[in-house]
Amino acid sequence: MRLELSIAMTHLLHRKRQTLVSLTGIVLGVAFFLGVSSLMRGSELDFIKRLVDNSPHITVSDEYRSAREQPASAAWPDGAVQLHGVKPQTEVRGIRGYQRALAFIESMPGLRAAPVLTGSVVLTFAGQAHATTLSGMVPEKMKTVSTLEDKLIAGTMDALDANLNGIIIGEGLADRFSLSMGDNVNVTSADGNVRTMKIVGIFRTGNASYDENQVFVRLKRAQVLLNRPNRVNRLLVQLDDPYAARDVATLIESRIGYKAQSWIEASEDLLSVLTVRNIIMYSVVAAILVVASFGIYNTISTIVMEKLRDIAIMKSMGFHARDIRRVFVIEGVIVGVIGSILGFGLGLVLMGMLGQVAIKPPGASEVIHLPVYRGLEQFVLAAAFALASSVGAAWLPARKGGRVHPVDILRGAA
Amino acid sequence: MSACVRAENLTRRLAGEVPVTLVEDVSLEVARGEFVAVMGPSGCGKSSLLYLLGLLDVPTSGRVLMDGEDTTGFDENRLADLRLRRLGFVFQFHFLLAEFTALHNVMLPMRKLGELGEARAQARALDLLAELGVAEHAHKRPEQMSGGQRQRVAIARALANDPMVILADEPTGNLDSVSSATVRDILGTLAREHGKTVIVVTHDSAFASAAGRRIMLVDGHLDQSAHAPG
């Protein structure tokens with residue numbers, strides 16, 4: 001192997017310009033691979049993090065996935081039961097006996113839950129009206145499942161306990177109505193209940209729509225306003241391990257009957273888009289390396305063509321076809337390895353530059369830096385792609401070199 | 001003396017629309033330490049016969065025995081191993097590897113064989129270059145040497161693994177008369193004093209007197225009438 005390595009090195013060093021061109025192709029390929037994949041992966045992880053942080057890991061809602069079983073069917077499970085004209089019982093919407101469900105969820109290790117009653121209300125202030133979503137919650141429980149407390153730019157969630165008519169609104173709404181802390185607004189429900197409430201907190205999430213259309217009050221106050229005493233329509237569940245959400249949701253649903261949807265299930269379409277995006281991204285960056293590998297193919301092919309006489313003489317000396325192949329494959333490996341190492345350096349510079357770019361996404365109120373992810377697996381993948389394409393590109397001319405029949409060349413040269 | 005190289009009814013044909021016969025029904029024996037010149041007009045099949053005897057080519061029919069060992073049916077790798085250990089080639093064009101120095105060219109077969117370490121291989125290569133009078137050019141690349149010097153380096157390379165047989169194809173075809181005489185003398189000495197079997201394909205009539213035996217080839221056949229010691 002040392003002999004083949006020294007021959008390979010000699011070949012490459014005597015064709016510095018061609019070797020440099022091949023090397024540049026791989027360096028740029030690896031660097032772009034790293035730059036693009038770090039950005040794609042970074043934005044993906046950032047997106048998932050936002051998804052996991054800003055939405056409940058599991059939402060138990062007051063719905064059933066399928067129609068409830070009729071008592072007659074339950075009584076005669078093996079009988080041929082047919083019911084006509086079934087009219088569902090009219091009842092107050094919401095999760096019945098939510099305290100029991102809450103207690104069950106909280107009894108599971110690593111789970112935190114908060115009951116929420118959500119409904120539509122109209123906020124009026126100084127003759128202006130604005131329809132918003134009102135969520136009634138228990139501050140001490142809400143704190144364990146939501147980042148709302150962190151997003152408050154004025155006031156606290158505990159202020160809702162101190163002032164039963166307290167309301168927390170978003171910054172967008174505050175700006176729109178020129179509201180500030182301590183101001184009173186009228187809240188009108190669909191049933192016509194009206195309450196005057198005092199602003200005890202203002203939050204900013206960065207999502208303009210959310211900041212304008214969401215308000216929070218105490219659960220009891222919401223139940224009165226929406227005329228749904230002792231009911232909630234959602235249980236928000238947060239897990240220590242967000243990626244276990246799917247299994248835990250299934251368990252909760254099987255136990256309490258109501259629909260429990262994990263963030264993974266709720267965002268399935270978005271997550272599948274991410275997968276498609278990854279496939280596209282890796283295809284494109286791999287294509288860059290494949291194109292770069294043509295440079296290697298070109299260089300090694302030229303060397304093989306120029307070195308036919310050397311190959312013939314080495315074979316006449318006693319070199320095997322595999323020795324000859326090895327020489328040229330090693331040349332590809334050398335270009336691939338050095339190209340990868342230099343590409344890592346350039347890729348890191350590229351990642352650093354991308355990380356400095358600041359953008360303001362539409363719908364957001366804050367400027368953010370491009371999310372760049374520097375993961376070991378990207379470097380491994382980039383090097384693997386670079387090496388595979390280099391060796392692949394070298395293999396074809398190497399095989400040709402190995403097949404050279406010395407007599408054909410010697411006869412031609414004589 | 002026992003036959004070092006023995007050819008039995010060697011025939012080599014190139015297939016094609018019009019098949020070409022390069023060598024036909026050639027049988028010969030070359031003893032250890034013998035210096036044989038294969039002569040004949042251009043295109044008579046001298047080089048083809050040398051390639052067959054040197055196990056670079058495989059006969060269409062007939063067989064080659066190397067030191068009594070029948071090489072018929074040997075695969076490419078086995079033939080390559082035999083060439084590496086027992087045969088040394090010298091060609092009309094020196095065929096030295098252009099990027100390597102004379103020293104590294106001579107070391108190449110030894111490094112391939114891998115029996116000597118790097119240091120011993122280098123020492124042996126320097127000895128060989130010294131024996132052939134080109135030691136001072138050891139660190140030069142082929143382009144920095146004259147034709148005669150390159151050919152002597154090529155002979156040193158052929159001797160690297162101490163082969164049994166030296167096969168030379170027009171070794172003086174590209175040299176001036178002084179260098180030709182030197183190469184002839186070297187090959188003669190190798191046969192006489194070192195017991196190497198030397199088979200030289202040549203047009204050079206001076207080889208006729210230097211060689212122990214001349215073999216004439218005409219149209220791929222041995223010309224028995226010219227089979228005479230020189």
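Guide: One definition to start: helices (H or I, at least four residues) and strands (E, at least two) are DSSP runs, numbered from the N terminus. The expected span of a helix is 1.5 Å times one less than its number of residues.
Visitor: And the ground rules?
Guide: This is a predicted model; local features need pLDDT of at least 70, side-chain atom pairs count only at pLDDT 80 or more, and totals for chains, interfaces and linings use all residues. Residues are numbered from 1 along each chain as its sequence is written, while chains are lettered from A and ligands numbered from 1 in the order in which they are written.

Visitor: OK, helix H6 of chain B. How many residues, and what reach?
Guide: H6(B) covers residues 177-194, so 18 residues by the DSSP runs. From first C-alpha to last it reaches 25 Å, close to the 26 Å expected at 1.5 Å a residue.
Visitor: Which residues of H6(B) are buried?
Guide: Among them are B:Val183, B:Ile186, B:Leu187 and B:Leu190. B:Arg184 is on the list too. Buried means 20 or more other C-beta atoms within 10 Å of the residue's own; exposed means 12 or fewer, and partly exposed is in between, with C-beta atoms placed from the backbone.
Visitor: What covers them?
Guide: The cover includes strand S3 (35-39), helix H5 (147-158) and strand S7 (165-169) of chain B. Strand S8 (197-201) and helix H7 (206-210) of chain B are also included.
Visitor: What follows H6(B)?
Guide: B:Gly195, with a positive phi near 70°.

Visitor: What does B:Leu187 touch?
Guide: B:Phe35, B:Ile166, B:Ala168, B:Val198 and B:Val200, leaving out residues up to four places away in sequence. Contact means C-beta atoms, placed from the backbone, within 7 Å.
Visitor: How many residues are in the largest nonpolar core?
Guide: It has 122 residues, and B:Leu187 is one of those with the most contacts inside it. The largest share, eleven residues, comes from helix H2 (residues 16-54) of chain A. A second, separate core has 55 residues, including A:Ile95 and A:Phe203. A nonpolar core is a set of buried Ala, Val, Leu, Ile, Met, Phe, Trp, Tyr and Cys residues joined through C-beta atoms within 7 Å.

Visitor: Switching to helix H3 of chain B. Why is it largely enclosed?
Guide: Because eleven of the twelve residues of H3(B), residues 102-113, are buried. What covers them includes H1 and H14 of chain A, together with helix H2 (76-86), helix H4 (118-131) and H5 of chain B.
Visitor: How many residues does each chain put into the contact?
Guide: Chain A gives 19 and chain B gives 23. On the side of chain A, the largest share is six residues, from H14(A).

Visitor: Last topic: strand S7 of chain A. How does S5(A) pair with it?
Guide: Strand S5 (residues 166-170) pairs with S7(A) in the parallel sense over five bridges. A:Ile167 stands opposite A:Ile199. Strands pair if DSSP finds at least two bridges between them.
Visitor: And S6(A), parallel or antiparallel?
Guide: Antiparallel, with five bridges joining strand S6 (residues 184-189) to S7(A). A:Val187 stands opposite A:Arg195. The two form a hairpin with four residues between them, and A:Gly192 in the turn has a positive phi of about 95°.

Note on methods
Two residues are in contact if their C-beta atoms, placed from the backbone, lie within 7 Å.
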